[in-house]
Amino acid sequence: MKKRQDNSRSTAFKLLTVVVFVGVLVFFINNLYTGDPDTTLTAFSKQAQKFERHTISSHYQWRVRQPTSMIMLIHFDDTGSEIDRKPVRMNHKGWPSAQDSDEGCATVWTSLVGSPLRVDGFNVKARFYSTASNDEAVRRNDNEYWCRYSISKGSEFDYFPGLGKVTQPQL
């Protein structure tokens with residue numbers, strides 16, 4: 001009989017321990033989880049918007065000064081003070097471009113965004129893609145080559161230098 005009482009006390013203690021643990025876990029989940037969006041994805045989205053704004057701004061500067069193969073893009077801070085100037089290479093249609101390579105895409109980013117390929121401590125990968133053949137004699141269509149900018153969290157956006165089109169970030 002004594003063994004049975006000890007066994008039921010042990011079971012009750014184990015059950016009480018599990019209930020207390022689940023209660024503490026629920027308390028911390030409800031009070032510590034804020035549901036705030038990921039700051040890295042938000043920062044990447046803001047850089048993509050800045051990239052698009054400066055693409056359009058560069059195009060309008062080129063239209064005023066055409067024909068030219070380079071423009072000087074001035075970067076401002078939130079107060080309107082000039083913080084940097086970057087030369088931007090322009091293609092024959094007046095859109096920012098560089099050589100057809102990953103390094104060329106990286107150059108376009110640093111010229112337009114005014115900062116290295118980093119967002120919120122994460123490296124931004126700049127990749128060049130083309131669906132056209134490698135034959136130099138074949139003239140490519142403007143939508144057959146693009147730069148893709150991405151971070152390791154899976155967010156990315158594309159820039160088509162032949163069209164001046166920047167896609168919305170895929171978050």
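How many bridges join β5 to strand β6, and in which direction do the two run? Six bridges join them, and the strands run antiparallel. The model is predicted. This briefing covers the sheet, the helices packed on it, the contact between those helices, and the salt bridges.

**Sheet layout**

- The sheet is open and has four strands, in the order β5-β6-β7-β8, with antiparallel pairing.
- β5 (125-130) and β8 (165-166) are the edge strands. Each has a single partner strand, so one side of each lacks a neighbour in the sheet.
- Strands of a sheet pair through backbone hydrogen bonds, either parallel or antiparallel.

**Strand β6 and its partners**

- β6 covers residues 145-150. Five of its six residues are buried, so the rest of the structure largely encloses this strand.
- Tyr149 stands opposite Phe157 in β7.
- β6 and β7 form a hairpin, with five residues between the strands. Gly154 lies in the turn and has a positive phi of about 100°.

**Helices on the sheet**

- Six bridges link β5 and β6. Helix α2 (residues 39-65) packs on the sheet and touches β6, β7 (156-160) and β8. The direction of α2 makes about 10° with that of β7.
- Helix α3 (residues 102-113) also packs on the sheet, where it touches β5, β6 and β7. The direction of α3 makes about 125° with that of β5.

**Contact of α2 with α3**

- Two packed helices are described by the angle between their axes and the distance between the axes.
- For α2 and α3, the angle is about 85° and the axes are 9 Å apart. Angles of 65 to 115 degrees count as roughly perpendicular, so α2 is roughly perpendicular to α3.
- From α2, the contact uses Gln47, Lys50, Phe51, His54, Thr55 and Ser58. From α3, Val108, Trp109, Leu112 and Val113 take part.
- By class, the residues of this contact are five nonpolar, four polar and one charged.

**Salt bridges**

- How many salt bridges does a search of the whole structure find? The search finds five.
- Glu82 and Arg85 form one of them, at 2.7 Å from N to O. Glu82 is partly exposed, at 41% relative accessibility. Arg85 is partly exposed too, at 46%.
- Arg148 meets Glu156 at 3.8 Å, N to O. The relative accessibility of Arg148 is 22%, which counts as partly exposed. Glu156 has a relative accessible area of 26% and is partly exposed as well.
- Asp158 and Arg148 meet at 2.7 Å, N to O. This pair links distant parts of the chain: Asp158 lies in strand β7 and Arg148 in strand β6, 10 residues apart.
- Is Asp158 buried or exposed? Asp158 counts as buried, because its relative accessibility is 11% and the cut-off for buried is under 20%.
- Arg148, Glu156 and Asp158 belong to one network, joined by salt bridges that share partners.

Definitions and conventions:
Residues are numbered from 1 along each chain as its sequence is written. This is a predicted model: local features need pLDDT of at least 70, side-chain atom pairs count only at pLDDT 80 or more; totals for chains, interfaces and linings use all residues. Side-chain values use heavy atoms; hydrogens and water are left out. Two strands pair if DSSP finds at least two bridges between them. Contact means heavy atoms within 4.5 Å. Axes are lines fitted to C-alpha atoms, for helices over the stretch in contact, and angles run from 0 to 180 degrees between N-to-C directions. A salt bridge is a side-chain nitrogen of Lys or Arg within 4 Å of a carboxyl oxygen of Asp or Glu. Buried means under 20% relative accessible area, exposed over 50%, partly exposed in between (1.4 Å probe, protein chains only). Angles under 35 degrees count as roughly parallel, over 145 as roughly antiparallel, 65 to 115 as roughly perpendicular and the rest as oblique. Ala, Val, Leu, Ile, Met, Phe, Trp, Tyr, Cys and Pro count as nonpolar, Asp, Glu, Lys and Arg as charged, and the others, Gly among them, as polar.
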